[in-house]
Amino acid sequence: MTESQYARTAQNSADVVVVGAGPAGLVLGNILLRNGIDCVVLERADSVQIRNRARAGFLAANTVRILERNGLDEGLRRRGQEHSVCEFRTEDGRFRLDYRRLGRGEVHTVHPQHELVADLLGHFLEAGGRVEFRTEAVAVCDADGPAPSVTVREQDGRPGRWRARYVAACDGRHGAGRRSLPPGAVRRHRRDHGVSWLGLLAEAPPSLDAVGYALHPRGFAGHMARSSDITRYYLQCERGTRPDAWSEERIWDELALRMRTAEYGPLLPGRVVQRTVVDLRSDVLEPLRHGSLFLVGDAAGLISPSAAKGANLAVLEAEILAHALTDALARRDPGPLDRYSERCLDHIWRAQEFSHWMIRLLHAAPGPEEAGHFRERLRRSRLVSLRDSRTHQDWFAENYAGI
Ligand code: RFL
């Protein structure tokens, strides 16, 4: 892009340019706005798309507290459902854990992510927040200098530029934030867990009053309520599976088999309205800062959905960064910004550790036959311990509902 093209949008500036209007970007934008910080959110999609993108649904108790103390919990209070029971179905029988009675006594609130995003967007716009929809960030420039900026492709396809004092990359793992990091600026720790899930959204009422984790020789199956008439299911599948290779009939037959409906009762059927293949992978960037560019949410680290932590980490990191940016801009105290990365990484690694533990609990161990059998027996033993040991259950509950 030439300088004259940029000049056309030279008036575009904000103290904080937030890229991405997902849970991370919108929590950050809302808190900054409340704190009187000049900010703008740039979002590639339009407002209808972001309000309809069904993803996560389980909010940890700490996420609810964050939304509450920042005045962002109205929709959650009206429509969210408390949830505190999970059920494991295994070759050795089934057992339930009511985690409200375990660990710290914390519960989840089920509130679909797209509804949370719609709530957050509503609050932001009502409070006078600026969102530039259909504006795609192309690159974050000069993050290590005194005048950072974000180059964009605007609605009409024309190039533009936003000048900033700080840039918050809340644009996910394929976003411009990550792409703009110069080689060697951060370290990327990654792990492929070697497992894939077919993620399904069914227009069907929940079949259980609990989160269901079914462990079966044919692979894992999961059941998670989203609302009174929408349920998310997961089926472990081969790596490289095409989502449309699974017919409705095959999906329901396989779910019935793995969830052992012959023993424990039928599933309530319905139309499958979304099929996505999710390869269980994790990565963490370290540090979460390059000059005046900060990474938040999935842009900071990707976590497998096995323990439902992604959206919760995004909200937590956004709150930490919002206060740190406020301290830097309104109080000229850069200390909290300097500590942002370290503070978030403590939470991120703890969530990664638990998520990794869940993956090993829920899936048969791959590997050469003898080693595979050995690890498989260890996994069954771990489940027996979770079923029988109060200490193990307390540890599980604290990590499962907490963040
Ligand atoms: P998001 O939600 O992906 O939002 C990023 C936003 O940035 C925009 N964007 C750009 N905008 C401008 N310029 C660019 N160049 C841009 N590139 C991207 C996008 O359009 C989008 O609006 O990231 P954020 O805010 O960090 O939030 C992270 C969460 O969305 C994610 O961690 C969770 O959805 C993960 N996850 C779950 N997390 C939970 O806590 N509990 C769950 O139960 C849970 N279930 C799930 C999940 C993720 C899933 N998928 C996506 C595989 C279930 C599924 C199926």
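This note sets out, point by point, the main features of a predicted model.

1. The eight-stranded sheet. An open sheet of 8 strands runs in the order β6-β5-β13-β14-β15-β12-β16-β19, and its pairing is mixed. Strands β6 (93–98) and β19 (301–302) stand at the edges; each has a single partner strand, so one side of each is left without a neighbour in the sheet.

2. Strand β12, which covers residues 187–203, pairs with strand β15, residues 231–237. The two strands are antiparallel, and the pairing extends over 7 bridges. As a point of orientation for the reader, W197 stands opposite Q236 in β15.

3. Helices against the sheet. Helix α11 (residues 335–362) packs on this sheet and touches β5 (85–90), β12, β13 (211–214), β16 (271–286) and β19. The direction of α11 makes about 130° with that of β16. Helix α12 (residues 369–388) also packs on the sheet, where it touches β5 and β6. The direction of α12 makes about 50° with that of β6.

4. The form of α11. Helix α11 has 28 residues and reaches 41 Å from its first C-alpha to its last. This span is close to the 40 Å expected at 1.5 Å a residue.

5. The three-stranded sheet. Another open sheet is formed by 3 strands in the order β3-β7-β4, with antiparallel pairing. Here β3 (58–59) and β4 (81–83) stand at the edges, each with a single partner strand, so one side of each is left without a neighbour in the sheet. Strand β4 pairs with strand β7 (residues 108–110) in the antiparallel sense over 3 bridges. Within this pair, Q81 stands opposite V110 in β7.

6. How many cavities of 30 Å³ or more does a search of the whole structure find? The search finds 2. The largest cavity holds about 70 Å³ of space. Its lining consists of F58, H108, V211, Y213, M224, P305, S306, A307, A308 and Y400.

7. Two backbone details in loops. A cis peptide bond joins E286 and P287, with omega at about 0°. P287 lies in the loop between β16 and β17 (289–290). Elsewhere, R134 has a positive phi of about 50° although this residue is not a glycine. R134 is found in the loop between β8 (131–132) and β9 (136–141).

How values were computed:
Residues numbered from 1 in each chain as written. Predicted model: local features only at pLDDT ≥ 70, side-chain atom pairs only at ≥ 80, totals over all residues. Heavy atoms only, no water. Pairing = 2+ DSSP bridges. Helix = DSSP H or I, 4+ residues; strand = E, 2+ residues; numbered from the N terminus. Contact = heavy atoms within 4.5 Å. Axes fitted to C-alpha atoms, helices over the stretch in contact; angles between N-to-C directions. Expected span 1.5 Å × (residues − 1). 1 Å grid on protein atoms, 1.4 Å probe; cavity = no way out; pocket = protein on both sides within 12 Å on 5 of 7 lines; lining within 4 Å. Points joined across faces, edges and corners; volume = space filled by probe spheres on them.
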